[in-house]
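Here's a quick walk through some local geometry worth a look before you set anything up. Have the chain open alongside.

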Amino acid sequence: MRVAFLGLGAIGTPMAAHLTQPPFDLTVWNRTTGKAENFVKEHGGRSATIARQAVEGADVVITCLPSSREVKALVEGDGGILSAIPDGALFIDCTSGDPATSKAIAKALAARNIDFVDAPVSGGVKGAIAGTLTIMCGGSVEALERARPVLQAFGQKIVHCGSVGAGDAVKAMNQALLAIHIWSGGEALATLAKLGVEASVALEVINGSSGRSNTSENLFPERVIGRAYPRTFKLALLDKDIGIAADISAENDVPTPLIDLAAELMARAHTELGEEADHVETVLVIERTAGVIIS
Ligand code: NDP
C-alpha cells in the first residue's frame, strides 16, 4: 500500500515511523525538507521535496499539520496537491482540525472520488512512539474501514465518532478538558503551596481521590514537580484546540462559560509564553500571578 505522509512535526514523525515497513510503501514530505531527509536516514522510506510528488501514485495520503487551515492550503492552494492525488485514493487528516474546514476539504476531495477521514489523535509523543494512540474518526463507515489498517499501525483505540468533522469535534472537546485540568490543577497546587503543602503530597492525595486526571497523574509529577518542561506539545496548539471547542459550542448555541474562560486564559498564556512553549508551561503563568513556586 503506497502511503504519502505529509507533516513531520513532533507527533507526525513518530506516527510516520510506524509506516516504513511492508505492507506500507512510504513517501514522506515536510515543508522544511531537511526533516524529511533526516527521517529517511533514521527510519527508512523515501522523501519528496515537493508535496505533489509525494502524493503521486499514493493509495493513502495522510496529513498531520498544525490546523485545518494549513491542510486546506496544501490541498487547494496554489500548487496544491488536489490534482496530483490519484482518483479514488483515501485521504486521512490526522491534524487536530476544525469540523467546518474538514467538511470543505472533504467536499473538494469528493469531486475527485477521494474519501476523507478526519482522524485526530491523542496520547502524545510517547503514545505515538509506542503505537498506542487513541484516534477519533469522522467520515463514512466504509472510509474508516479503508483507513483502519493504516491507523492501526500507530493507534490502539480507533473510534468512529460520526460523519466528517465529528473526529475534530471530539478532539476539540477533549482538549478543552485538558486545558481546564491544567489550569485548575495549577491553581489548586499554587494555593496549597502558599499554605505550605508540598506539591508531591497534594498530588499523592489528589491521585487517590476524585479530582485526579491524566494531568495530575502524569503531566504534573513529570513536569511541574520535576521542573522540566520537555516541548512535546505546543501551548500554541492547545490554544488553537480550545478555541475550536469554544467556536463549535457557540455555533451550536450551547453556552459554555467554563470552556470560554479557559480559552481566554490559554490565549493569554500563549501570548505571554510565546510560540515554542509547551502546554504544561502554562503553570508558570499561574505561579507568576500567584507569586509562588509550586514545589
Ligand atoms: P509541530 O508544530 O511539531 O509540527 C507542525 C508540522 O506542520 C511541521 O511538520 C511543520 O513543518 C508543518 N507545517 C506548519 N505550517 C505549515 C504550512 N503552512 N504548510 C505545510 N506544513 C506546515 O506540531 P505537532 O506535530 O505537535 O502537531 C501536529 C498536529 O497534531 C496538530 O494539529 C496538533 O494539535 C496535533 N497533536 C499533537 C500532539 C503532540 O503531542 N505534539 C498530540 C496530539 C495531537 P516545518 O517542519 O516546516 O515547520
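Helices (H or I, at least four residues) and strands (E, at least two) are DSSP runs here, numbered from the N terminus. This is a predicted model, so local features need pLDDT of at least 70 and side-chain atom pairs count only at pLDDT 80 or more, while totals for chains, interfaces and linings use all residues. Residues are numbered from 1 along each chain as its sequence is written, and side-chain values use heavy atoms, with hydrogens and water left out.

Let's start with the backbone. Most residues other than glycine have a negative phi, and most peptide bonds are trans. Pro23 sits in the loop between α1 (12-16) and β2, and the peptide bond from Pro22 to Pro23 is cis, with omega near 15 degrees. For the accessibility labels, buried means under 20% relative accessible area, exposed over 50%, and partly exposed in between (1.4 Å probe, protein chains only).

On to the helices. In α4 (residues 68-76), Ser68, Val71, Leu74 and Val75 are buried. They span an arc of only 125 degrees around the axis (taken from the directions from the helix axis to the C-beta atoms), which puts them on the same side of α4. The partners of these buried residues are β1 (2-6), β2 (25-29), α3 (51-55), β4 (60-63), β5 and α5 (99-110).

How do α12 and α13 cross? The axes of α12 (residues 257-273) and α13 (residues 282-290) come within 9 Å and cross at roughly 90 degrees; axes are lines fitted to C-alpha atoms, for helices over the stretch in contact, and angles run from 0 to 180 degrees between N-to-C directions. That makes α12 roughly perpendicular to α13 (65 to 115 degrees). Met266, Ala269, Glu272 and Leu273 of α12 meet Thr282, Val285 and Arg288 of α13, where contact means heavy atoms within 4.5 Å.

Finally, the aromatics. Rings of Phe, Tyr and Trp (its six-membered ring) pair if their centres lie within 6.5 Å, and planes under 30 degrees apart count as stacked. By that rule there is one aromatic pair. The ring centres of Phe91 and Phe116 are 5.9 Å apart and the planes are at 20 degrees, so the pair is stacked. Phe91 belongs to β5 (residues 90-93) and Phe116 to β6 (residues 115-118), 25 residues apart. Both Phe91 and Phe116 are buried.

Terms used. Phe/Tyr/Trp six-rings, centres within 6.5 Å; stacked < 30°, edge-to-face > 60°. Parallel < 35°, antiparallel > 145°, perpendicular 65-115°, else oblique.
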